[in-house]
Amino acid sequence: MRKHEDFLSDDFDSPVRGRMRRGRFDDDPQPQRSGRLTEAEKARLSRVRDDAYTAEQELPDGAARWSTWGDSDQGPHPRPDWLVTDLAAADTELGVLKTGKEADVFVIERAVPNGPSCLLAAKRYRSGEHRLFHRDAGYLEGRRLRKSREMRAITNRTSFGRNLIAEQWAVAEFAALSRLWSIGAPVPYPVQRDGTELLLEFLHDADGYGAPRLAQLRPERDELRELWEQLVGALELFAVEGLTHGDLSAYNILVHEGHLMVIDLPQVVDLVANPGGPEFLARDVANISGWFRSRGLPEDVADPATLTEKLLVTAGLD
C-alpha cells in the first residue's frame with residue numbers, strides 16, 4: 001500500500017442498459033427530515049461519534065470508521081466484483097483529492113482486516129454553514145419536494161433550506177449515476193449514499209494515481225476522434241434517460257485506460273421536468289465541442305448545432 005500522501009493529486013476529480021423513460025427525480029423516495037438536519041445526516045453523525053468513541057479499542061490501526069455500507073442507500077445491481085461489502089470492513093482515509101465550493105473529495109480504502117480491500121472516492125457535500133451552491137436556482141427547477149415547508153425553506157434559503165439543498169444535490173447525483181451506470185453509460189459506479197456523503201468508484205492506475213481529466217491531455221488526431229465518438233455515445237445514453245450533465249466541460253471528464261468517463265453530476269438536469277432543459281443541453285454540447293475543436297477536431301465533425309438537435313430527438317423533445 002502506498003503512503004497516504006501519494007494520493008494527494010489534482011489529477012482526480014472523480015472516483016468508473018433500454019430506451020424506456022424512467023421516473024423523474026421527484027418520483028424517488030425522499031429521506032425523512034426533522035429539525036435543521038435530515039434524519040439520515042443525524043444518523044450518520046451519530047455513527048461517526050460512536051466510531052470515534054470506540055476507535056481506540058476496536059478499529060484497525062489507522063482506520064477512521066467501520067464500513068457504513070449496511071446503513072446507506074446502496075448502488076445498483078449487478079455490483080462490481082471489486083467492491084467490498086463486508087460489514088466487518090473498516091474505512092481508512094488516504095488523502096484529499098479535491099476541495100471545492102460544494103463538496104470535498106477524499107480517497108478511502110475500505111478493507112477487511114487481513115482480507116479484501118478496495119479504493120473509493122468519498123464525496124462529501126458541504127453543509128448549510130458553508131457557501132451556497134453556485135447558480136443553484138436554475139438547476140433545482142423540476143426537482144420538487146413533496147412538503148411545502150421544505151420548498152419554502154429552500155426558496156427562502158434558510159439554514160434548514162440550505163441543508164436540504166445540499167442533500168438534494170447528493171440525492172440527485174446518486175440517482176443519476178445509478179440510472180446511467182445501469183444502462184451502460186460511462187460513469188463511475190455509485191457505491192452508496194449516506195446523508196450528504198457519496199462513495200464512488202475510484203478510477204486509478206496500477207500505482208494508485210487517479211485518472212487524468214480530459215483537459216490535462218493533448219491527444220493525437222486519431223485518439224481525439226476516438227474520444228469524441230465515445231463522448232457522443234455517452235451523451236446519447238444521457239439523452240435516452242432524458243438527462244443532460246448541466247455543467248459539462250473537459251474538467252469533469254476523465255480518461256481511464258483509454259476510456260472516457262463522465263463525472264460530477266450533482267447538477268444533472270432533467271430535460272423534461274426542467275423548463276430550461278434544452279438550453280442546458282445546448283450549453284453542455286457547445287462547451288465540450290468547443291474544447292475538441294480547439295484541439296484540432298474538424299468543425300464539421302464537432303458541430304454543436306447538429307449534435308444538439310440529434311440529442312433532443314433522442315430525448316423525444318424534437
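Arg-124 lies over the face of Phe-106, at 4.6 Å from the ring centre. A charge is said to sit over a ring if NZ of Lys or CZ of Arg is within 6 Å of the ring centre and within 35 degrees of the ring normal. The structure is a predicted model, in which local features need pLDDT of at least 70 and side-chain atom pairs count only at pLDDT 80 or more, while totals for chains, interfaces and linings use all residues. Residues are numbered from 1 along each chain as its sequence is written, and side-chain values use heavy atoms, with hydrogens and water left out.

Confidence is expressed as pLDDT (the predictor's confidence in each residue, from 0 to 100). The protein averages a pLDDT of 82, and 70% of the residues score at least 70. Over residues 1-29 the pLDDT is below 50, and this stretch has 100 contacts in the model beyond near neighbours in sequence. Residues 129-135 also have a pLDDT below 50, with 14 contacts beyond near neighbours in sequence. Contact here means heavy atoms within 4.5 Å.

Helices (H or I, at least four residues) and strands (E, at least two) are DSSP runs, numbered from the N terminus. Strands of a sheet pair through backbone hydrogen bonds, either parallel or antiparallel. Two strands are counted as a pair if DSSP finds at least two bridges between them. Strand β5 (residues 90-99) and strand β6 (residues 103-111) pair in the antiparallel sense over 8 bridges. The open sheet has 7 strands in the order β3-β5-β6-β7-β9-β8-β4, with antiparallel pairing. At its edges stand β3 and β4, each with a single partner strand, so one side of each is left without a neighbour in the sheet.

Ser-117 is found in strand β7 (residues 117-125) and is partly exposed, with a relative accessible area of 39%. The classes are buried (under 20% relative accessible area), exposed (over 50%) and partly exposed (in between), with a 1.4 Å probe and protein chains only. Not counting residues up to four places away in sequence, Ser-117 touches Trp-82, Val-84, Glu-109, Arg-110 and Ala-111. Ser-117 and Ala-89 are 28 residues apart in sequence and 8.2 Å apart in space, C-alpha to C-alpha. Ser-72 lies in the loop between β3 (65-66) and β4 (73-74). Ser-72 is buried, at a relative accessible area of 11%, and, leaving aside its neighbours within four places in sequence, is in contact with Gln-192, Arg-193 and Asp-194.

Rings of Phe, Tyr and Trp (its six-membered ring) pair if their centres lie within 6.5 Å; planes under 30 degrees apart count as stacked, over 60 as edge-to-face and the rest as tilted. By this rule the count comes to 4 aromatic pairs. The rings of Trp-82 and Tyr-189 have centres 6.4 Å apart and planes at 90°, so this pair is edge-to-face. The pair links distant parts of the chain, 107 residues apart: Trp-82 is in the loop between β4 and β5, and Tyr-189 is in the loop between α4 (159-182) and β8 (190-194). Trp-82 is partly exposed, at 31% relative accessible area, whereas Tyr-189 is buried, at 0%. Another pair, Trp-291 and Phe-292, is edge-to-face because the ring centres are 5.1 Å apart and the planes are at 85°. Trp-82, Trp-181 and Tyr-189 form one aromatic cluster.
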